[in-house]
Each structure stands twice: as structure tokens, then as C-alpha cells.
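Here's a friendly walk through the model you have on screen. Take a look at it first, then read on.

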Amino acid sequence: MANTKKIKTSITSRKELMRFSQDCLRAYKIQGEIPAMPSQWAGSDYGKAYAVLVRFWNDEPITQSAVFASDGNGKLPFQAFSTLPVITCPGLGECGVFCYSLKSWRNPFAWLRQLINTLRLHSVSGRNQIVKAWQSIPAGEIVRLYVDGDFDTAETMRFWFGLMSMRPDLKVYGYSKSWALFLAWNKSGKPFPDNYILNLSSGSKYDSLFRQAVARLPIVRGEFIGVDSKLPMPKGKTSAEIRASADWVPYQAAARQAAQAAGYEKVFVCPGKCGDCGIKAHACGNAQLTIPVAIAIH
């Protein structure tokens, strides 16, 4: 990936990136021309990201935006797939106010990966790239599907569930608010992949009755909820280091109190580091842990 240490963030905004991304998606679906680059991006890392996007648009090989992020990011040691947040989230509700994914747009190449993956799902050549990358994932690995973004359509869900069935050795998990799509899939009588675990993400537009219906699906582990703990999550390189912090006990207590105020009697408080948070397995991928996982809104 290109060097992104010197990032000029003042030359754009989330609103502009959102508008440009939506323009790109509309044009790509109809095989139209790529939207013009905002003039103020010239000479910045957003301009460099646009140059990569042009090559992708023209079906030229690119190396700066792999389908899966597999090198970890300090918090995520798994194979990870993302698309554009908000734009690909049909179940979006109040989560749109505190969506952490939008913060990643400060990095032009994080935004670019989300955009290009969103586009990949809407063309034959793009899906072929995803299939090739999927088949290249080492056996037995854990895949977090949709770190950012969500299942946007029934066709996208069918595509991913087909891939999961092709690779039963992979352990796939994720978070979603696209609950109507999951219920429709279940109603159709088609089976869910055995190697997929779903966490019901808080902040959706759906009511509690809808949530209860989705919670009964066989792939659901439980809920993943964002709470306003009033205390920031302690810092640390590992879950053990975070839990050893003097700030952990008061943070954990505040998170549990906030969860109880929201109607959750018992929760597992997320330490913010995926992969080493549980005893036998990471909490969100552990089908045996059915209580909600709570994290401070960040």
C-alpha cells in the first residue's frame, strides 16, 4: 500500500467523500465514465488514491487496494473485508450519528479500499477478483466480513453465502443491521452457511420485535451493542494489557452500568482488541457466548 504518513485531510470532507462515492457507484453500475476528481485533491494523497481508482475503473491491475486486509491494523488480526459505510447499510439508524467507520476516511487509502470493494460487488470482473482473493485465503483462517459497510442487497448476500459454502474451512463472522435481508433469506428456505456467525449490531432502524425475530436465526451469536460509558476505553496493545490497566475496572463498570440502563442485564465488555479477548475464542466469533458484547461508543 502507498505511503500515507503525510495526509492532507483539510482538502476534503466526509460530505464530499460521501457525495463522490455515491456518484462513483451510480456511474459504475451503468458502466459510465468515472466522475471527475475534485480539483482540490490535486497533489494530495486523495489525488493519489483517485489515480488508483482510475486504473481500477479501466480494468487495469492495481496493487494498492487488496480485496482483503490481511496484515492487521493493531486491533484486527484477521482477514478483513470492508465496503463503504452508510452507503451500503440498508438497516442504518441512529448508528449513522456515531459510525466509527467514517473516521477511517481521514486515510485516503482506507476510504479507497472501501470504495473499490463496493464497486467490485457490482461487476463481473470485480466479483471475480473477490473470488480469486477468497480462494487464496490460507486454510482455517478467520474472516471478519464487513468491518465497515454491510450486506446491501439480497444479491450480495447470495454471493457471500455461496463463497462461504465453497470454503467450509474458513471461520467467518461479522456484524450486521441488514436484518430484513437475513429474514428474507430464511423465509426463502435456503440454508445459512454453517461457518458463519452473525452479531446483531446496535443502532439499526428496526424495532425490538424485528430484532427478536432476527435473533432466533440459527447463525446469530447474540448482540453487539455500543454504549455511552462516559469513560474512554483504556489503551493497550493486547486485551491482557488493557485489562491490567488501572482504568479497566472503572471503564468496565461504567460500560456495564450503561448497558443495564439500556435494558441489558448481563454483558461481556469488549476490551477493544479482536482476537485475544476471550478465553477459548474471540467473543464475537464464539457461538457459545450468547450474551451481548458491549463496547463504548468511540
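This is a predicted model: local features need pLDDT of at least 70, side-chain atom pairs count only at pLDDT 80 or more; totals for chains, interfaces and linings use all residues.

## Inside and outside

Of the 298 residues in the protein chain, 51% are buried, where buried means under 20% relative accessible area, exposed means over 50%, and partly exposed is in between, using a 1.4 Å probe and protein chains only.

Residues are numbered from 1 along each chain as its sequence is written, and side-chain values use heavy atoms, leaving out hydrogens and water.

## Overall build

The protein chain has 10 helices and 7 strands; helices (H or I, at least four residues) and strands (E, at least two) are DSSP runs, numbered from the N terminus. Along the principal axes, the C-alpha atoms fill a box of roughly 55 × 45 × 35 Å. The radius of gyration is 19 Å, which agrees with the value near 19 Å that a compact globule of 298 residues would have. That radius is taken over C-alpha atoms, and the globule rule is 2.2 Å times the number of residues to the power 0.38.

## Charges and salt bridges

The chain carries 36 positive and 22 negative side chains, and the centres of the two sets are 2 Å apart. Lys and Arg count as positive, Asp and Glu as negative, and His and the chain ends are not counted. Each charge is placed at NZ of Lys, CZ of Arg, CG of Asp or CD of Glu.

Searching the whole structure turns up 7 salt bridges, each being a side-chain nitrogen of Lys or Arg within 4 Å of a carboxyl oxygen of Asp or Glu. One of them pairs Lys48 with Asp45, with the closest N and O atoms 3.4 Å apart. Both residues sit in helix 2, 3 residues apart, or about one turn of the helix. Lys48 is partly exposed at 48% relative accessible area, while Asp45 is buried at 5%.

Another salt bridge joins Glu155 and Arg127, whose closest N and O atoms are 3.2 Å apart. Glu155 belongs to helix 6 (residues 154-166) and Arg127 to helix 5 (residues 124-135), so the pair ties together parts 28 residues apart in sequence. Glu155 is partly exposed at 36%, and Arg127 is buried at 16%. Together with Arg158, these two form a network of salt bridges. Then there's Arg167 with Asp169, at 2.8 Å between the closest N and O atoms; Arg167 is buried at 9% and Asp169 is partly exposed at 28%.

## Two loop residues with positive phi

Which residue in the loop between helix 1 (14-29) and helix 2 (45-57) is worth a look? Gln31 lies there, and its phi is near 55 degrees, a positive value in a residue other than glycine. Gln31 is exposed, with a relative accessible area of 75%.

Lys230 also has a positive phi without being a glycine, at about 70 degrees. You'll find Lys230 in the loop between strand 5 (220-227) and helix 9 (239-243). Lys230 is exposed at 69% relative accessible area.
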